[in-house]
Amino acid sequence: MGHYGYYGYYYDSSYFLVLIGAVLCIWAQFRVKSTFNKYAQVRSRTGMTGAQAAQKILQMSGIYDVRIEHIGGSLTDHYDPANKVLRLSDTVYGSTSVAAIGVAAHECGHAVQHDKGYAPLKFRSALVPAANIGSKAGIPLIILGAVLGMNQLLIQIGIWVFALAVLFQVVTLPVEFNASGRALAMLGNYGMMERDEVSGCKKVLSAAALTYVAAAASSILQLLRLVLRFSRRSSRD
């Protein structure tokens with residue numbers, strides 16, 4: 001069977017890249033949860049809930065066609081551009097904390113991006129179908145190619161398909177950073193928070209941004225591992 005017969009049953013130093021990505025993601029998740037929990041204990045001086053803050057930001061931004069809905073879970077907040085719905089989680093919707101208002105404002109930032117035709121958001125939305133295919137089919141195609149006697153065509157297709165999911169993660173970064181920047185500016189400019197409260201929101205949103213950076217880095221490292229591993233095997237063939 002040759003050395004290919006032992007596929008998956010030997011030590012491969014490229015696994016170290018996956019380990020680095022996993023550690024980054026775990027660290028980022030810890031940071032966002034601990035920072036959010038800290039500022040979830042600090043009540044906003046206005047007494048507004050996350051939902052009320054979101055409604056005010058949208059109105060002051062001239063956006064009247066976006067619905068605000070309650071969604072279950074913790075930090076499951078997101079803006080749905082296809083249906084123009086801003087969904088706020090259990091820990092944000094009815095909470096009056098600085099953390100909750102910061103997260104709600106961030107999601108409003110996405111609604112403003114959509115309203116103004118922010119190009120990176122349009123590009124990311126266009127990538128969603130391809131990214132979904134890449135995240136679900138990329139690795140299976142590579143594994144299938146390896147099982148079928150290291151079929152290089154299937155492996156290369158799998159790598160390119162997976163690269164679409166990685167591209168989506170990378171494009172997400174400027175979209176998220178911009179939404180946070182808009183959120184902090186609106187909270188201050190609209191007189192909804194004092195400077196120290198905005199500073200607290202910034203810490204929460206900065207920690208949240210780390211999760212996107214870690215996810216992108218992890219995906220890039222996984223892609224690099226696949227390229228290195230299978231290009232090395234191809235050269236031995």
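**Figure 1. Largest pocket of the predicted model****.** The volume of the largest pocket is about 750 Å³. Its lining comprises 32 residues, and L75, D77, E176, T211 and Y212 are those that lie nearest the centre of the pocket. By class, the lining residues of this pocket are 18 nonpolar, 10 polar and four charged.

**Figure 2. Helices and strand that line the largest pocket****.** At least two residues of the lining are supplied by each of α1 (15-39), β2 (78-80), α4 (98-116), α5 (119-147), α6 (152-189) and α7 (195-236). The largest share belongs to α7, which provides nine residues of the lining.

**Figure 3. Second largest pocket****.** The second largest pocket holds about 150 Å³ of space. Y79, P81, H110, L121, R124, S125, V128 and F168 form its lining. With four residues, α5 gives the most to the lining of this pocket. Five nonpolar, two polar and one charged residues make up the lining of the second largest pocket.

**Figure 4. Helix α4 and the residue that follows it****.** The helix α4 (98-116) is among the elements that each supply at least two residues to the lining of the largest pocket. From its first C-alpha to its last, α4 reaches 26 Å over 19 residues, close to the 27 Å expected at 1.5 Å a residue. The helix is mostly covered, with 16 of its 19 residues buried. G117 follows α4 and has a positive phi, near 70 degrees.

Key. Residues numbered from 1 in each chain as written. Predicted model: local features only at pLDDT ≥ 70, side-chain atom pairs only at ≥ 80, totals over all residues. Heavy atoms only, no water. 1 Å grid on protein atoms, 1.4 Å probe; cavity = no way out; pocket = protein on both sides within 12 Å on 5 of 7 lines; lining within 4 Å. Points joined across faces, edges and corners; volume = space filled by probe spheres on them. Nonpolar A, V, L, I, M, F, W, Y, C, P; charged D, E, K, R; others polar. Expected span 1.5 Å × (residues − 1). Buried < 20%, exposed > 50% of the residue type's maximum accessible area, 1.4 Å probe, protein only.
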